[in-house]
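Try each task before reading its solution.

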Amino acid sequence: MSCLHFTTGSMRSQLAAASGDDDVVAQFLSPPVSEGRVRRVRVLAGDIDPRVRESAALSRVAPVDVLELLSVDPVASVRGCVARNEFTPVDVLKRLASDSEESVRAFVAWNRSTPREVLEVLAKDEPEVVSGVAGVLLG
């Protein structure tokens, strides 16, 4: 799964304007989230295998408490997946912005839900990969 987003808000607006038919998108919306799906994400979050926990951390339906739990996981790649999830709460992203692993901080910088003030701090981060990503998003 890629953490890159290939369309910006303005690109999506242009695509919507060009299509002229707003009802087309509604035909392809995902079904509502079931309790069973949320329970499965909770089970995945407690798995011994970090790759399974990564999957839970990337889930669009991961509850806030699961994202908070996985944001302090001992495995950096799991915390990175929490940082990549665009549904991760801002307070969790703010905490992950000071993670000891630069890859986690870089994913926080790349997350389009990260507030501008956090990006401004990350733009001064020592590793160029973190500051570079934050700088690009700050424009």
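A residue is called buried under 20% relative accessible area, exposed over 50%, and partly exposed in between, using a 1.4 Å probe and protein chains only. Helices (H or I, at least four residues) and strands (E, at least two) are DSSP runs, numbered from the N terminus. This is a predicted model, in which local features need pLDDT of at least 70 and side-chain atom pairs count only at pLDDT 80 or more, while totals for chains, interfaces and linings use all residues. Residues are numbered from 1 along each chain as its sequence is written, and side-chain values use heavy atoms, with hydrogens and water left out.

**Exercise 1.** Find the buried residues of helix H10 (residues 128-138) and work out how they are placed around its axis.

Step 1: Val130, Ser131, Val133 and Ala134 are the buried residues of H10.
Step 2: They span an arc of only 160° around the axis, so they sit on the same side of H10. The arc is taken over the directions from the helix axis to the C-beta atoms.
Step 3: Look for the partners: the buried residues of H10 pack against helix H8 (102-110) and helix H9 (116-122), where contact means heavy atoms within 4.5 Å.

**Exercise 2.** Describe how helix H3 (residues 35-45) and helix H4 (residues 50-58) cross.

Step 1: The two axes come within 7 Å and cross at roughly 145°. Axes are lines fitted to C-alpha atoms, for helices over the stretch in contact, with angles from 0 to 180 degrees between N-to-C directions.
Step 2: On the H3 side, Val41, Leu44 and Ala45 meet Val52, Arg53, Ser55 and Ala56 of H4.
Step 3: Sorted by type, the residues of this contact are five nonpolar, one polar and one charged.

**Exercise 3.** Which residues of H4 are buried, and what do they pack against?

Step 1: Arg53, Glu54, Ala56 and Ala57 are buried in H4.
Step 2: Down the axis of H4 they fall within an arc of 160°, so they line one face of the helix.
Step 3: These buried residues pack against H3, helix H5 (64-70) and H6.

**Exercise 4.** Is Glu86 buried, partly exposed or exposed?

Step 1: Locate Glu86 in the loop between helix H6 (76-84) and helix H7 (90-96).
Step 2: Its relative accessibility is 26%, so Glu86 counts as partly exposed.

Methods. Nonpolar A, V, L, I, M, F, W, Y, C, P; charged D, E, K, R; others polar.
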